[in-house]
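Here is a short briefing on one protein model. Keep the structure open as you read, and find each residue as it comes up.

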2 protein chains.
Amino acid sequence: MDAWIISIGNELLIGRVVNTNAAWLAKKLTYLGIAVKRIVVVPDVEEEIVSVLREGLDKADVIITTGGLGPTPDDMTNAAIAKAIGAELVVDPDAERWVSEKYRQRGYPMTPERLKMAQIPRGSRPLYNSAGVAPGIWAEVAGRIIVALPGVPREMEAIFEEQVEPLLKARAPGRCFAEDLFRLAGVPEADLAPLIRDALKLDPRIYVKSHPKGHETGAPLEEIHIYGSAENCEEARRLVELVKSALIREISTRFPQARID
Amino acid sequence: MDAWIISIGNELLIGRVVNTNAAWLAKKLTYLGIAVKRIVVVPDVEEEIVSVLREGLDKADVIITTGGLGPTPDDMTNAAIAKAIGAELVVDPDAERWVSEKYRQRGYPMTPERLKMAQIPRGSRPLYNSAGVAPGIWAEVAGRIIVALPGVPREMEAIFEEQVEPLLKARAPGRCFAEDLFRLAGVPEADLAPLIRDALKLDPRIYVKSHPKGHETGAPLEEIHIYGSAENCEEARRLVELVKSALIREISTRFPQARID
């Protein structure tokens with residue numbers, strides 16, 4: 001199962017907000033055994049959102065969007081999803097009840113802006129927001145899933161963990177992700193390259209990547225990250241350990257001066 | 001001038017790394033008066049990188065990439081750019097000298113992996129890396145600019161500030177960005193929506209966006225961000241202040257209980 005994450009909001013494109021939502025979701029999806037193939041940040045412009053949603057529907061099994069579900073004029077994710085999947089935008093009775101109840105409890109009346117948050121594409125289902133007001137959306141079209149979550153991290157995380165994660169777990173093809181890490185000092189990254197190339201050949205399910213943390217020629221230091229998914233967690237862990245120990249053995253043989261921890 | 005940022009690296013797609021580079025670059029470009037229209041994160045897969053580069057070349061004036069310039073097998077940004085613009089990948093004499101000199105000073109010989117970092121598309125120019133080894137790349141094709149920067153933040157920032165920023169400043173169409181912010185407590189975001197819609201009509205160059213920071217019905221609190229670009233800094237600041245004061249006046253009239261600071 002492949003996923004795209006679509007982050008909606010001008011604040012991300014002017015550098016006012018760092019996209020921590022995408023990283024949080026990417027980690028969650030990875031651990032569910034779902035491979036995130038792309039993260040796309042688009043502005044609050046309906047045709048841009050629709051166009052990226054359509055591209056995602058063409059290439060991924062699951063699309064998760066964040067942002068654009070609130071009551072202000074630049075919140076247009078529900079309308080964009082409806083357009084992208086060719087469904088009418090309608091007020092959902094459950095969503096309307098949730099939204100109006102939350103305002104009513106505090107003595108606020110319903111307004112067109114508040115009702116807007118209860119609109120979802122016909123045939124999709126609203127996701128209750130236990131940490132805020134705007135409901136999320138779960139839409140399915142031609143075997144593809146679109147999940148729309150709010151941009152406020154606390155609300156996005158609540159809806160994902162309470163409702164989306166269990167649903168995706170039931171759909172995800174029983175894969176398990178494992179990873180391990182070691183630090184290596186005293187060997188420039190360029191000298192590691194051939195050893196990593198060999199390690200990558202050990203099993204196609206396992207990936208090895210070095211991340212330079214020091215200075216390549218001055219004080220070489222790398223974090224070596226070994227990760228991948230397999231049919232079950234035991235197998236995933238076994239493969240990661242196999243590749244890790246083979247790589248450490250090679251490094252120690254070729255570079256006796258290397259410090260590994 | 002429109003820009004795309006393309007962030008290259010599996011580590012971003014598994015949620016191991018938060019994309020602070022993209023936010024840093026987005027802010028820098030915004031202040032140069034260059035509008036960032038999209039941020040795309042792609043894996044270390046050549047055809048994916050080539051495909052997004054081509055899409056970017058079709059839609060933006062400037063493309064900035066980060067990551068994939070190092071010596072390991074998964075570093076392939078220089079080859080992907082060459083393919084995307086239809087140029088041959090060649091060793092640049094300046095880049096080769098910079099790279100070999102850095103290794104030589106520490107007693108390391110040149111290897112194929114090190115030489116790989118000195119390869120750039122024919123006709124483009126290398127950008128000296130004062131904070132590391134891998135040079136950046138400045139390529140131009142049919143009036144479009146592609147700038148490739150390393151993924152290590154310190155190196156990316158050094159090359160951008162020392163070389164890319166002055167070059168872009170010379171090309172950017174003399175625009176200046178300004179912004180201001182105020183906090184508003186006691187008014188739900190949904191009630192602000194019509195006022196923001198009116199404020200957006202005051203000047204097409206200025207954008208207003210509310211960011212919920214509290215709880216919509218429990219303890220409503222928003223940050224209201226007003227920003228935009230104009231022909232010069234004085235005009236940009238004037239427009240931002242004009243919209244800000246009009247909006248505050250409206251809010252105070254309509255919601256006497258609102259707390260603004």
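In which helix of chain A is Glu165(A) found? Glu165(A) belongs to helix 7 of chain A, which covers residues 153–171. The model is predicted, so every value below is computed from it.

**Chain A at a glance**

- Chain A has 9 helices and 12 strands.
- Its 261 residues include 58% that are buried.
- Along the principal axes, the C-alpha atoms of chain A fill a box of roughly 70 × 40 × 35 Å.
- Take the contacts in chain A with a separation of 6 or more: 70% of them join residues 24 or more positions apart.

- Is Glu165(A) buried or exposed? Its relative accessible area is 14%. Buried means under 20%, so Glu165(A) is buried.
- Beyond its neighbours within four places in sequence, Glu165(A) is in contact with Lys28(A), Leu32(A) and Phe160(A).
- Glu165(A) lies 112 residues from Leu53(A) in sequence. In space, the two are 21 Å apart, C-alpha to C-alpha.
- Helix 7 of chain A packs with helix 2 of chain A, residues 20–31. The angle is about 20° and the axes are 12 Å apart.
- Angles under 35 degrees count as roughly parallel, so helix 2 of chain A is roughly parallel to helix 7 of chain A.
- The crossing of helix 2 of chain A with helix 7 of chain A is right-handed.
- On the helix 2 side of chain A, the contact uses Asn21(A), Trp24(A), Leu25(A), Lys28(A) and Leu29(A). Helix 7 of chain A brings Pro153(A), Met156(A), Glu157(A), Phe160(A), Glu161(A), Glu165(A) and Leu168(A).
- By class, this contact of helix 2 with helix 7 in chain A has 7 nonpolar, 1 polar and 4 charged residues.

**The nonpolar core**

- How many residues does the largest nonpolar core have? The count is 58.
- Leu53(A), Ile146(A), Leu53(B) and Ile146(B) have the most contacts inside this core.
- Which residues does Leu53(A) touch, leaving out those up to four places away in sequence? They are Ile6(A), Ile63(A), Thr65(A), Ala80(A), Ile81(A), Ala84(A) and Ile146(A).

**Helix pairs in chain B**

- Helix 3 (residues 46–59) and helix 4 (residues 77–85) of chain B pack at an angle of about 50°. Their axes are 9 Å apart.
- That angle makes helix 3 of chain B oblique to helix 4 of chain B.
- Helix 3 of chain B passes helix 4 of chain B in a right-handed crossing.
- Leu53(B), one of the core residues with the most contacts, is also part of this helix contact.
- The contact of helix 3 with helix 4 in chain B has 9 nonpolar, no polar and 3 charged residues.
- Helix 8 (residues 189–200) and helix 9 (residues 233–254) of chain B pack at about 150°, with axes 10 Å apart.
- Angles over 145 degrees count as roughly antiparallel, so helix 8 of chain B is roughly antiparallel to helix 9 of chain B.
- The crossing of helix 8 of chain B with helix 9 of chain B is right-handed.
- Helix 8 of chain B makes the contact with Leu192(B), Leu195(B), Ile196(B) and Ala199(B). Helix 9 of chain B uses Val243(B), Leu247(B), Glu250(B), Ile251(B) and Arg254(B).
- This contact of helix 8 with helix 9 in chain B divides into 7 nonpolar, no polar and 2 charged residues.

**Residues in loops**

- Thr72(A) sits in the loop between strand 3 (62–66) and helix 4 (77–85) of chain A. Its relative accessibility is 2%, so Thr72(A) counts as buried.
- What is in contact with Thr72(A), leaving aside its neighbours within four places in sequence? Lys116(A), Glu189(B), Ala193(B), Ile196(B) and Ser210(B) are.
- Ala142(A) is in the loop between strand 7 (136–141) and strand 8 (144–149) of chain A. Its phi is near 50°, a positive value in a residue other than glycine.
- At 76% relative accessibility, Ala142(A) is exposed.
- In chain B, Ala142(B) lies in the loop between strand 7 (136–141) and strand 8 (144–149). Phi of Ala142(B) is near 50°, and Ala142(B) is exposed at 77%.

How values were computed:
Residues are numbered from 1 along each chain as its sequence is written. Chains are lettered from A and ligands numbered from 1 in the order in which they are written. This is a predicted model: local features need pLDDT of at least 70, side-chain atom pairs count only at pLDDT 80 or more; totals for chains, interfaces and linings use all residues. Side-chain values use heavy atoms; hydrogens and water are left out. A nonpolar core is a set of buried Ala, Val, Leu, Ile, Met, Phe, Trp, Tyr and Cys residues joined through side-chain atoms within 4.5 Å. Buried means under 20% relative accessible area, exposed over 50%, partly exposed in between (1.4 Å probe, protein chains only). Contact means heavy atoms within 4.5 Å. Axes are lines fitted to C-alpha atoms, for helices over the stretch in contact, and angles run from 0 to 180 degrees between N-to-C directions. Helices (H or I, at least four residues) and strands (E, at least two) are DSSP runs, numbered from the N terminus. Angles under 35 degrees count as roughly parallel, over 145 as roughly antiparallel, 65 to 115 as roughly perpendicular and the rest as oblique. A crossing is left-handed if the near helix is turned anticlockwise from the far one by less than a right angle, and right-handed if clockwise. Ala, Val, Leu, Ile, Met, Phe, Trp, Tyr, Cys and Pro count as nonpolar, Asp, Glu, Lys and Arg as charged, and the others, Gly among them, as polar.
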